[in-house]
Amino acid sequence: MNTILQTKGLCKTYIVNKHQNNVLKNIDLTINEGEFVAIMGPSGSGKSTLLYCVSGMDRVTAGEVIFNGKEIAKLGDKELAKLRLDEMGFIFQQMYMMKNLSVLDNIILPAVKSKKNNESRKATEERGRSLMRRLGIDDVGGNDINEVSGGQLQRACICRSMINNPKMIFADEPTGALNRSSSDEVMNELLSLNRDGTTIMCVTHDPKVAAKCSRVLYIVDGVIVGEKETGHFDGGDKELRDRERELNNWLMEQGW
Amino acid sequence: MLMMTMMSNFALTLKSEKILWLFGVPSSEAHILDSETLGKLFAEQDAYKELISDTEKLLADNGMPGRCTITIGAYCEAAHNDKTAKIYFEVTKGDTDDTLRMDEGCAPQKNDEIAMTSSALNCLDAQIGDRISAVIDGRECEFIITGRFSSFTSSAAKLYKDFDFGDQSLDASMGVQIHFDGDPDKETINNNIEKIKELIGSDKVYSTSDMIKELTGMSDTLNVIKQMMMIITVIVTALIVILMERSFISKEKSEIALMKAVGVDNGSIILQHSLRFVIVSVIACIVSSAVLMPISDVMMNWVGNMVGDVSGLKCDFDPLEIFVICPAILIGVTVIGSFLTALYTKTIKASDTASIE
Ligand SMILES: Nc1ncnc2c1ncn2[C@@H]1O[C@H](COP(=O)(O)OP(=O)(O)O)[C@@H](O)[C@H]1O
Ligand SMILES: [Mg+2]
């Protein structure tokens with residue numbers, strides 16, 4: 001298994017009003033290609049911060065982050081942006097989109113902005129549409145952002161994160177703002193992406209979501225306090241219920 | 001933008017040789033306004049003949065042949081029906097190919113024909129085709145009005161070139177106009193002017209634009225105003241751009257953060273933000289350039305009407321200045337302003353995406 005993401009002694013400190021807040025403390029983490037890692041933990045424990053630090057959205061205070069063989073702390077802003085654009089995909093809890101672009105235009109935005117991508121606009125749009133078809137939202141491509149439901153929007157965000165065929169997708173509570181059924185749909189799409197080989201790191205509060213991941217990390221106050229290898233999930237409802245029960249028990253032990 | 005280019009137009013027009021005819025003199029390249037030379041005109045009758053031939057001889061002897069004209073004028077009592085008014089009668093003496101520009105009707109062709117400005121016509125309650133009488137040199141003369149013309153002198157009347165003022169005492173002259181033979185270029189003209197200065201021992205020899213500057217004194221003021229307008233325009237534009245861009249940035253903060261998170265680099269975000277302003281300012285420049293000429297002409301004539309009897313004045317413009325330099329300055333200010341402000345987007349971090357709502 002190839003390592004795609006590795007952190008060594010990652011620390012992140014915010015200084016607010018001269019008050020030092022050590023959000024992440026010495027995190028050592030290794031994620032292999034093809035994994036679907038869930039990050040769980042109480043709110044304020046530093047889950048999002050960890051996600052941002054490893055994906056280069058935020059700078060680390062100390063330590064190393066190696067993504068796909070590159071030490072990202074050493075990259076300049078521009079190279080980092082390029083790396084994010086070409087090799088990473090992002091999904092957020094709030095389904096952030098550009099308000100004055102249509103759904104389809106939002107989805108293909110990263111492809112349009114990518115210098116690596118030299119296909120025609122038409123081809124890009126076609127690719128965007130086929131992604132939308134795959135996620136079952138091909139009928140809302142021309143719509144405005146506020147004309148589609150939350151579930152559809154989040155699936156559009158997944159399309160956007162996929163448009164540049166990233167090596168890894170970072171998701172911060174992708175289902176946090178969705179109802180149960182939308183959440184299941186989104187999760188199933190992520191699972192199917194993962195089966196196709198995309199590595200996913202997903203922050204979540206929802207044990208049902210985490211139960212579908214292949215590994216669960218538990219963070220408290222900026223320290224990984226627990227780790228559970230659950231293996232890839234591709235079974236039916238029964239297996240899922242078993243996994244959920246097992247995970248819930250484990251979470252209980254962690255102090256969930 | 002519009003203001004700036006309009007001022008530029010005014011200044012240029014008042015500086016330009018295009019308005020020379022409004023002073024009642026034919027087109028010419030050099031002007032002798034030396035009071036000593038001109039003093040003779042008022043003292044002796046027929047002095048102009050001598051002056052013209054002397055000057056022409058002087059020019060020819062010094063290798064810059066040209067033709068001279070002198071426009072002389074006098075205020076005389078004129079009457080039409082029961083109306084009387086003092087009118088400035090002028091006549092251009094000397095050899096010129098120029099014909100007087102008319103707004104209406106035609107230039108006088110005979111000694112008893114005359115052209116008048118609209119205010120002169122108004123004073124006398126006369127129209128083209130009417131007969132007026134005037135007392136010139138003690139004689140009672142009759143004229144037929146053949147046309148209407150524009151001049152910076154209000155209540156003026158133009159006589160046929162052969163009309164003789166006789167012993168009438170003259171009130172004004174615009175000096176000696178020199179029209180060099182063979183249309184020399186600017187440099188030659190300037191050299192010639194320097195030579196003439198030496199020859200007649202006076203520095204009151206002007207090129208056309210200098211003379212107009214001297215006479216109106218307005219062009220310079222306008223130039224100063226223009227420069228002030230430019231500075232104000234630049235400052236205002238910069239302020240508007242900066243304030244607007246700031247508000248755009250704060251309004252679009254989440255979108256900017258999102259773009260960054262997704263991996264769009266700073267450069268292209270800044271570019272996109274500046275470009276938006278540049279496009280707007282380019283459009284503004286095109287629009288104002290398009291409406292500029294008609295508006296300037298209207299304004300110019302309005303101003304002209306206040307100063308004298310002027311209509312049909314076409315603004316002079318420097319295409320380089322109004323279509324290239326002014327827009328370039330404005331667009332430049334916009335580019336710099338929006339770019340510098342857009343740099344502010346750098347402070348928005350990708351990780352702000354999540355913390356904004
Ligand atoms: N931009 C920031 N500036 C200062 N403090 C921050 C910032 N982002 C997060 N924090 C702090 O870091 C801690 C962890 O936040 P976060 O990673 O968002 O937690 P969560 O696990 O809920 O996602 C919190 O205490 C929060 O106050
Ligand atoms: Mg969070």
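Which residue of chain B forms a salt bridge with Lys99(A)? In this predicted model, the partner of Lys99(A) is Glu255(B), and the closest N and O atoms of the pair are 3.8 Å apart. Across the interface of chain B and chain A, the count of salt bridges is 1, while 3 residue pairs, both members at pLDDT 80 or more, are in polar contact between the two chains. On the side of chain B that touches chain A, helix 8 (253–262), helix 9 (266–307) and helix 11 (352–355) each supply at least two residues, and the most is given by helix 8, with 7 residues. When this side of chain B is divided by class, 8 residues are nonpolar, 7 are polar and 5 are charged.

The extent of the interface can be described both by residues and by area. Chain A brings 22 residues to the contact and chain B brings 20. The size of an interface is often expressed as the accessible area that is lost when the parts come together; between chain B and chain A the buried area is about 1800 Å², with carbon and sulfur atoms giving 60% of it. Of the area that chain B buries against chain A, 30% is supplied by Glu255(B), Leu258(B) and Val262(B), which is more than any other three residues supply.

An N or O atom in the side chain of Ser48(A) is 2.6 Å from an oxygen atom of ligand 1, a polar backbone atom of Gly44(A) is 2.7 Å from an oxygen atom of the ligand, and a backbone N or O atom of Lys47(A) lies 2.9 Å from a ligand oxygen atom. Ligand 1 has 560 Å² of accessible area on its own, of which the protein covers 63%.

Conventions. Residues are numbered from 1 along each chain as its sequence is written. Chains are lettered from A and ligands numbered from 1 in the order in which they are written. This is a predicted model: local features need pLDDT of at least 70, side-chain atom pairs count only at pLDDT 80 or more; totals for chains, interfaces and linings use all residues. Side-chain values use heavy atoms; hydrogens and water are left out. A polar contact is a pair of N or O atoms within 3.5 Å; within protein, one must be able to donate a hydrogen and the other to accept it, and residues adjacent in sequence count only if both atoms are side-chain atoms. Accessible areas come from the Shrake-Rupley method with a 1.4 Å probe; for residues, only the protein chains shown count as cover. Contact means heavy atoms within 4.5 Å. Buried area is the accessible area (1.4 Å probe) that two parts lose on being put together, summed over both. A salt bridge is a side-chain nitrogen of Lys or Arg within 4 Å of a carboxyl oxygen of Asp or Glu. Helices (H or I, at least four residues) and strands (E, at least two) are DSSP runs, numbered from the N terminus. Ala, Val, Leu, Ile, Met, Phe, Trp, Tyr, Cys and Pro count as nonpolar, Asp, Glu, Lys and Arg as charged, and the others, Gly among them, as polar.
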